[in-house]
Amino acid sequence: MKHHQIIIWIAALMVLTQCRQTDKFYSNVLRSNAYVQAYDEYKYDFLWVIDNSGSMLPRREFIRDNMQTFLNILNSRKAVDYRMAITTVDMFTDGGALIVGNGGIDVVTSDSANPIADFASIINNVKDSMTSFWDQGLESMYQAIYTSGDKFWRPGVPLIIIIVSDSDSWDCKDECWGVQPENNDHWISFPTSRYINFLKNKSKAMNADVSVFPITGTTSEDCGYEVVGQRFIEVQEALGNLGRTASIRPRQLAESYNGVAQVIADRGTI
């Protein structure tokens, strides 16, 4: 069989196969021939945008219970000086406010006495609500940075935005009422350009890269599982930098979650 015939046969097979296996989360540890610019940053700031709906409770618990592993990977090649804050996708109830943990802590720092406990106390206060069905992760991210960014994002320090949601981002500009947004046609959405331009402008103002890591439904999910986070993916691809999109499927959550830390740890080491 000629080479071009093989290619055509493979392409046809992919079209006919409706359900595809999700690609592994990118890590440049697996790509020894990849060129990566040498960076000497050891400071990174984080904003976690977490889906607070009831269906997401097991994933929130996984993130909380595996933070030590995340930090171990993050620090595996360099001791990272970080700040971390959490908001939810629930604009109607939380409005992009930072979630507060024990003792009024809303930002976890690498030099705190017990950052794992501080992070856990914050994520434990990510609660379901009557409005959690209307996910607005991008707008919550926007508002968190706009109103509280000076608490967790330092000038000159790269910002890592980690979005964890099993839905797309239904960011509402007007007519924000009714049933789940994917099931009505009256509401008016903000364009993704609002968030892309905002992050690019903030990146210039802060003199620091911004990278978005959506852990969400992806275009290569098995059929019928979760909603594809298309708007999250659009923003991630437009920003570029370190950002990657990964699957929120339960069997791949650990790889996706740890993959964020691995990409950061690997930066400039190959």
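Student: Before we start, what does buried mean here, and what do exposed and partly exposed mean?
Tutor: Buried is under 20% relative accessible area, exposed is over 50%, and partly exposed lies in between (1.4 Å probe, protein chains only). This is a predicted model, where local features need pLDDT of at least 70, side-chain atom pairs count only at pLDDT 80 or more, and totals for chains, interfaces and linings use all residues. Residues are numbered from 1 along each chain as its sequence is written, and side-chain values use heavy atoms, with hydrogens and water left out.

Student: OK. What share of the protein's residues is buried?
Tutor: 50% of the 270 residues.

Student: Switching to secondary structure. How many helices and strands?
Tutor: Eight helices and eight strands. They are DSSP runs, numbered from the N terminus: helices are H or I with at least four residues, strands are E with at least two.

Student: Where does Glu-175 lie?
Tutor: In the loop between strand E5 (172-174) and strand E6 (188-189).

Student: Why does Glu-175 count as partly exposed?
Tutor: Because its relative accessibility is 35%.

Student: What about phi of Asn-241?
Tutor: Positive, near 55 degrees, in a residue other than glycine. Asn-241 is in the loop between helix H7 (230-239) and strand E8 (246-247). Asn-241 counts as partly exposed because its relative accessibility is 41%.
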